[in-house]
Every structure is written in structure tokens, then in C-alpha cells.
Amino acid sequence: MAALKELFDLTGRVAVVTGGSSGLGLQMADALAEFGARVVICARKPERFAAAEARLRAWGGEVLSVACDVSRPEQVHALHAQVMERFGGIDVLVNNAGRAWVAPVEEMPLERWQQVFDLNITAPFLLAQAFGREMIRQKKGSIINIASIAGLVGRNPDAYNSIAYGSSKGALVNFTRDLAVKWARHQIRVNAICPGFFVTDINRKVYDERPEKIDREIPLGKPGGDSDIKGAAVWLASDASRFVTGAIIPVDGGTTAW
Ligand code: NDP
């Protein structure tokens, strides 16, 4: 029987976190590094890498930053090549980078709809395909997709008006379930975290404009904080969840439980 501390231990594991240079991605990368993982972060803007790397290196492990737009297939292939060259394998893929476009449905530009889908669902597919081939060879791996509660329920347009976001995150939720079933035979686990409201660069302005209104929509009374997604990420990355696949985990202060 394994000790619980060993089950959560990630020493030496290689974890790739897309959008790991800020927000929830950085929070999760930090948690994985704290538990011993060698972490690769990727994002488009390299200017945030130095601060993110300093934070992750404080845990003592290796860190690699790669400038990459994960909605571009050729850049995903280059990221994959760099990770393989440096580490020779991968244990954990966190598909975290995401975006939204807010507009009434009847005015949503097709180009914006497509950009949201390119990043929120096509990129996780491309990344899972590239790194999944290694995981199939290794006969193990954990893929964690960062969806959203907007992928679980319809949202009041007065609170959040992005049909492209909700639809693409809903697609990511069922991509998670379907891939979990398809790759279970390779011992690759695929799970999703559905965050509720966390204040990050993506939505700080929205929160600052009406904090009380947003707080009231959350049963626990406030948005997620700077450590509130760490536990779910480490649990799903590690052997502590080795009998868990195809699970969709809301981390939302109870928002979808009303
Ligand atoms: P942030 O805007 O704070 O961070 C987004 C990260 O993704 C940045 O590191 C950004 O870096 C990177 N990124 C954006 N576009 C690309 C791209 N094309 N290729 C590679 N990296 C990219 O967002 P959050 O931390 O808030 O969101 C993270 C995830 O969590 C998203 O998928 C979001 O939908 C989801 N989520 C967030 C919620 C929240 O309340 N914050 C609620 C529910 C879900 P750069 O700009 O340099 O590329």
C-alpha cells in the first residue's frame, strides 16, 4: 500500500503547462514544481518568463520556458520537439491557455468565434496528439484540460456574454471524456478542471467594476484565490488520482451547485 505523500509526489516528472506564465497556469505550474516536477511553461510573450521562472525555480527543480502560440500547429510541433530534446519524455500535460470574445450572439464575428475555438479546443487536441504519442509509448501520462463552468451550463448574458467561449469550453469538457475513454487502454488519464471565477488578467477589469455582484453569485462568497486551483492540479497530475479518468472537476466555490 502506497503512503499518501508518495502518491502526491511528482519528483522528476515532466509537466508542460500551456499559458504557464501568468494567472491560473502559473499557479498550477508553481504547485507542480513545489511537488517536485520539472516544469515547462509556454506562452506567446517571453517578457513574463523571467519572473515566472524565478518563482518556479525557488522550489529547486528544472524549468524550461518556450515562446509558443499553441493555436499554431507548427509552433506546437516545435514545442514538442524542444521538450523531447530537453527531457526525453512527458508525464503531465496541462492544457490551460484559453481566451474569450465577448459579444451578443447575433453580433459575434465569425473570425473571433474561430480564434476562440482555435485556442480553446483545437490547441488542446493538437497538444494531446503531439504529447499523447509519447505517452502511448511510455504507457502512462496525465492530461489535464482547463475548461470552465461556462462549459457546463448556459450563462446569463447580463453576467457573461460569450457564446464562443461557452461552446468551446463545452467541447473541451466532452473532448476530455471521449479522450479518457479512448486512451484508457494506454494508461493515459484525461481529466478536466472547470474553474469558476478567479481574478486574473483575463477578467480583472470585469471584477473591479462590480465585485459585490460577482461575489453574490458564488456560494462561498468570493472568487478563487492565488492557491485555490493548486490542490486539484497536483491531485490530477499525480498518482493520487491514478483511478480517476474522464472526470470533470468544478473548482468554483459552489457556483454550479446552486
Ligand atoms: P490569463 O489571461 O491570466 O493567462 C492566460 C495565459 O495563457 C497567459 O500565460 C498567456 O500568455 C497564455 N496564452 C494566451 N494565449 C495563448 C496562446 N495562443 N498560446 C500560448 N499561450 C497563450 O488567464 P487565466 O489564468 O484566467 O485563464 C487560464 C485558463 O483558465 C483559460 O483557459 C481560461 O479560459 C480558464 N478559466 C479562467 C477563469 C477565470 O476566472 N480566470 C474561469 C474559468 C476558466 P501570453 O499572452 O504571453 O500568450
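## Ligand shell and cavity: worked exercises

An oxygen atom of the ligand sits 2.6 Å from a polar backbone atom of Asn96. The model is predicted.

**Exercise 1.** Find which other residues place polar atoms by a ligand oxygen, and state how much of the ligand the protein buries.

*Solution.* 
- Step 1. Apply the cut-off: a polar contact is a pair of N or O atoms within 3.5 Å.
- Step 2. Check the backbone of Gly98: one of its polar atoms is 3.5 Å from a ligand oxygen.
- Step 3. Check the side chain of Asn203: an N or O atom there is 3.0 Å from an oxygen of the ligand.
- Step 4. Turn to area: the ligand alone exposes 880 Å², and the protein buries 94% of that.

**Exercise 2.** Describe the shell around the ligand by residue, class and helix.

*Solution.* 
- Step 1. Sort the shell by class: 13 nonpolar, ten polar and six charged.
- Step 2. Assign helices: H2 (23–34) and H6 (163–183) each supply at least two shell residues.

**Exercise 3.** Characterise the largest cavity and its lining.

*Solution.* 
- Step 1. Count cavities of 30 Å³ or more: the structure holds one.
- Step 2. Give the volume: the largest cavity has about 30 Å³ of space.
- Step 3. List the lining: Thr18, Val70, Asn95, Asn96, Ala97, Leu119, Ala123, Pro124 and Leu127.
- Step 4. Find the main contributor: helix H5 (residues 110–138) gives the largest share, four residues.
- Step 5. Sort the lining by class: six nonpolar, three polar and no charged.

Methods:
Residues are numbered from 1 along each chain as its sequence is written. This is a predicted model: local features need pLDDT of at least 70, side-chain atom pairs count only at pLDDT 80 or more; totals for chains, interfaces and linings use all residues. Side-chain values use heavy atoms; hydrogens and water are left out. On a 1 Å grid over the protein atoms alone, a cavity is a set of points where a 1.4 Å probe fits but cannot get out, and a pocket is an open set with protein on both sides within 12 Å along at least five of seven lines; lining residues have an atom within 4 Å of a point. Grid points are joined across faces, edges and corners, and a volume is the space filled by probe spheres set on the points. Ala, Val, Leu, Ile, Met, Phe, Trp, Tyr, Cys and Pro count as nonpolar, Asp, Glu, Lys and Arg as charged, and the others, Gly among them, as polar. A residue is near a molecule or strand if one of its heavy atoms lies within 4 Å of it. A polar contact is a pair of N or O atoms within 3.5 Å; within protein, one must be able to donate a hydrogen and the other to accept it, and residues adjacent in sequence count only if both atoms are side-chain atoms. Accessible areas come from the Shrake-Rupley method with a 1.4 Å probe; for residues, only the protein chains shown count as cover.
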